[in-house]
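Thanks for coming. I will go through one structure, starting with a single residue and ending with the contact between chains.

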Amino acid sequence: MDLTVLFFLTSGLLLGWSLGANDAANIFGTAVGTRMVRFATAALVCSVFVVLGAVVSGAGAAHTLGALGSINALAGSFMAALSAAGTVYVMTKWGLPVSTSQAIVGAIIGWNLFSGSVTDSQTLLKIVATWVACPVLAALIAVPLLKVTAFALRLAKLHLLKLDAYTRLALILAGAFGAYSLGANNIANVMGVFVDVSPFKGFSVAGFFRLSSVQQLFLIGAIAIAVGVFTYSKRVMVTVGAGILPMSPVAAWVVVIAHSIVLFLFASQGLEHMLASAGLPTIPLVPVSSSQAVVGAVVGLGLMRGGGDVDWKLVGNIAGGWVTTPLISGVVCFIALFFLQNVFGQKVYREVHYSLSAPVLTELAAQGAEVTALASIKEREFRSAQEFKKAVEQTGYSGPPGEQALRDLAQLSHMYIDPEKFSSLDRKWLSSGQISAVERLEGREFAHPWQLARALAANSSEWSRKDNSTVNKYYNARLERKLEYVYRKFAGYSDRR
Amino acid sequence: MYLQKRVLHLFSGTRSLENQIDEFLDKVSEAGMVFGRAIRVYLNNGASEEFEGFLGQAAIIERRGDELRRSIETELYARTLIPDLRADVMALLEGMDHLINIYEGDLFRISIQSPDIPQEFHAGYLDLTETVVSCVDSVVLAARAFFRDIDSVRDHGSKTIFLETEADKIGTKLQRAIFSSSLPLERKMHLRYFVERIDELANSAEDVADALQIYTIKRRI
């Protein structure tokens with residue numbers, strides 16, 4: 001692998017390390033600080049389960065970050081992660097409650113602005129709504145959970161020492177669940193920006209299971225988190241433990257469980273699929289702040305006891321953080337990208353061009369759009385999504401299929417199905433039906449990705465998207481990744497040109 | 001396998017410590033029973049062989065109580081058990097151990113000083129002894145409840161406080177009777193000393209009950 005690739009990944013690893021150093025304290029801080037669990041045990045359990053959570057369930061939340069903005073150059077991803085890590089570091093130094101999730105979202109928006117990409121306002125709104133919902137939900141879970149636990153313990157009449165032993169065990173199990181949820185939910189913060197530029201190739205482990213390129217990326221991110229846990233989290237754990245000392249170990253357990261449930265809810269694809277299958281509303285899969293989940297749960301318990309203990313200044317700081325963290329991170333990222341591009345000569349984004357070519361207009365008309373309004377910008381090539389968006393707005397066009405879908409149709413990316421590249425196709429990942437569908441397109445050229453996708457779907461049902469429902473979301477997302485792979489593989493022009 | 005071993009060790013060690021705490025509290029009640037019978041024997045027969053036998057029993061109980069307390073405290077620290085309540089449990093055990101010490105110390109003093117208690121005060125001493133022993137017994141129940149059933153701590157604690165007040169009343173009445181008698185002052189003062197020593201058991205039991213109420217608030221989730 002190219003050394004520069006490794007270098008660019010270091011900023012993500014730094015972010016992972018700081019996440020491990022800080023957020024592990026949310027899970028095991030009270031247990032270690034009050035000496036209910038030894039640090040070595042906590043660090044081991046935390047590391048193992050963070051890695052498992054990231055590799056097994058990390059994709060869900062990463063997908064949402066990808067929808068916010070797909071950083072398409074490694075140097076851009078590097079700077080987004082570095083800006084987020086820097087913001088987290090500085091704000092922590094200033095003693096402000098900071099969330100890695102909020103910092104990375106700010107950095108992605110900073111990259112979007114710099115590269116002329118459009119920030120999907122629907123996704124952004126969804127993400128911001130979950131930031132508010134996260135601590136509130138943690139409080140709503142913690143209060144009844146504590147009441148039920150207290151009632152059950154009162155009925156059980158356990159000996160104080162037995163209760164102590166059970167609490168230790170429960171804290172370790174809750175910590176394992178918390179670490180799994182943290183890995184699943186927050187790996188997207190650490191490695192999410194590298195997903196679209198992952199330098200790894202998928203491979204199969206002893207024929208048992210396949211480790212995709214994204215999972216490999218998440219694995220090294222999770223290892224960085226684990227290193228953070230082992231090298232730096234002890235101090236933070238002891239501080240957190242001392243800070244929440246007035247809480248009994250059982251209340252601390254309730255806080256960890258509430259935090260873990262919240263993180264899990266916002267990361268579990270399985271749960272989302274189950275809810276969608278049952279026709280119930282789903283929970284958006286978004287990376288949320290584990291610190292704020294903990295504070296939410298603690299504040300909830302404080303309110304339950306009358307609210308006298310609640311530090312309202314801290315609550316205010318958290319609410320302020322929803323604005324300041326992404327803002328600082330976004331501005332830092334924008335400025336840093338400028339320097340990286342203009343001083344160090346790095347390519348921080350790949351230009352994506354757009355054009356309302358004849359096939360696009362035909363397709364729009366077929367979808368029932370009134371395309372006459374768009375005639376003034378027909379065949380013009382735009383150098384960024386922002387430029388394209390502005391031009392469409394100026395025509396006054398507001399018909400179907402919606403802003404994002406229109407951009408997807410107009411996106412230019414010339415592809416030539418070069419038979420020489422067939423042998424290097426990943427035959428373990430793509431099915432034989434999918435491969436033969438590609439091979440049947442030998443020699444053809446496409447200007448827009450959707451044209452190739454459609455041609456492939458016409459050749460094989462294995463390239464067909466399913467209905468746009470939540471149940472099919474991950475099938476379609478997997479198909480999308482395979483399509484992206486094919487687009488990248490055959491990007492370029494025929495030699496005859 | 002390793003994990004299973006650790007979990008089993010955690011729970012088996014806990015059970016042995018639970019048994020030690022139970023045995024220690026049994027010793028406090030046992031010391032009370034021995035004390036009550038020893039006072040009755042002394043009032044009837046003076047510092048007889050039977051009385052000395054009870055004194056010997058009290059000394060054995062006190063030694064065993066000390067051993068148990070030390071072993072429990074060492075275990076609590078060595079295995080960092082109940083870190084949030086360890087100091088409270090230690091203070092509770094010390095307080096209960098102090099009660100055993102007073103039981104034994106009072107019998108020793110009676111054995112050494114052989115106070116001459118006139119017949120007319122026997123009923124008062126017996127009444128006082130029974131009340132303080134009941135008072136200590138109820139604080140033992142409160143201490144047991146602290147470990148297993150915190151809702152009952154308050155009930156037993158209230159009973160302890162009630163019996164302490166009763167013991168004070170009996171002690172005051174007994175002292176008034178002693179000082180209004182025609183006995184020489186030195187005997188009056190000697191008899192008063194033993195009234196105060198016996199009453200001290202109820203006062204110490206009340207101190208433990210008061211502390212227990214606070215520990216219980218801390219134990220609540």
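B:Arg187 sits in helix α6 of chain B, residues 185-219; helices (H or I, at least four residues) and strands (E, at least two) are DSSP runs numbered from the N terminus. Before going further: this is a predicted model, where local features need pLDDT of at least 70, side-chain atom pairs count only at pLDDT 80 or more, and totals for chains, interfaces and linings use all residues. Residues are numbered from 1 along each chain as its sequence is written, chains are lettered from A and ligands numbered from 1 in the order in which they are written, and side-chain values use heavy atoms, with hydrogens and water left out.

Back to B:Arg187. Its relative accessibility is 25%, so it counts as partly exposed; buried is under 20% relative accessible area, exposed over 50%, and partly exposed in between, with a 1.4 Å probe and protein chains only. Beyond residues up to four places away in sequence, B:Arg187 touches B:Asp116 and B:Pro118, contact being heavy atoms within 4.5 Å. Its side chain comes to 2.8 Å from the backbone oxygen of B:Asp116. B:Pro115 is 72 residues from B:Arg187 in sequence, yet the C-alpha to C-alpha distance is 8.3 Å.

Now a residue in chain A. A:Ser181 belongs to helix α7, residues 160-191, and is buried, at 0% relative accessible area. With neighbours within four places set aside, A:Ser181 contacts A:Asn186, A:Ser260, A:Leu263 and A:Phe264.

Chain A also has an open sheet of 3 strands, in the order β4-β3-β5, with antiparallel pairing. β4 (381-382) and β5 (411-412) are at the edges with a single partner strand each, so one side of each has no neighbour in the sheet. Strand β3, residues 353-355, pairs with β5(A) over 2 bridges; pairing requires at least two bridges found by DSSP. Within β5(A), A:Leu412 is the residue opposite A:His353.

Last, how do the chains meet? Chain B and chain A each put 25 residues into the contact. About 2200 Å² is buried between them, 66% of it from carbon and sulfur atoms; buried area is the accessible area (1.4 Å probe) that two parts lose on being put together, summed over both. There are 3 salt bridges between the chains, each a side-chain nitrogen of Lys or Arg within 4 Å of a carboxyl oxygen of Asp or Glu. One of them joins A:Arg154 and B:Asp151, at 3.5 Å, N to O. On the chain B side, α1 (2-45) and α4 (122-148) each supply at least two residues, and α1(B) gives the most, with 8 residues.

Technical notes:
A polar contact is a pair of N or O atoms within 3.5 Å; within protein, one must be able to donate a hydrogen and the other to accept it, and residues adjacent in sequence count only if both atoms are side-chain atoms.
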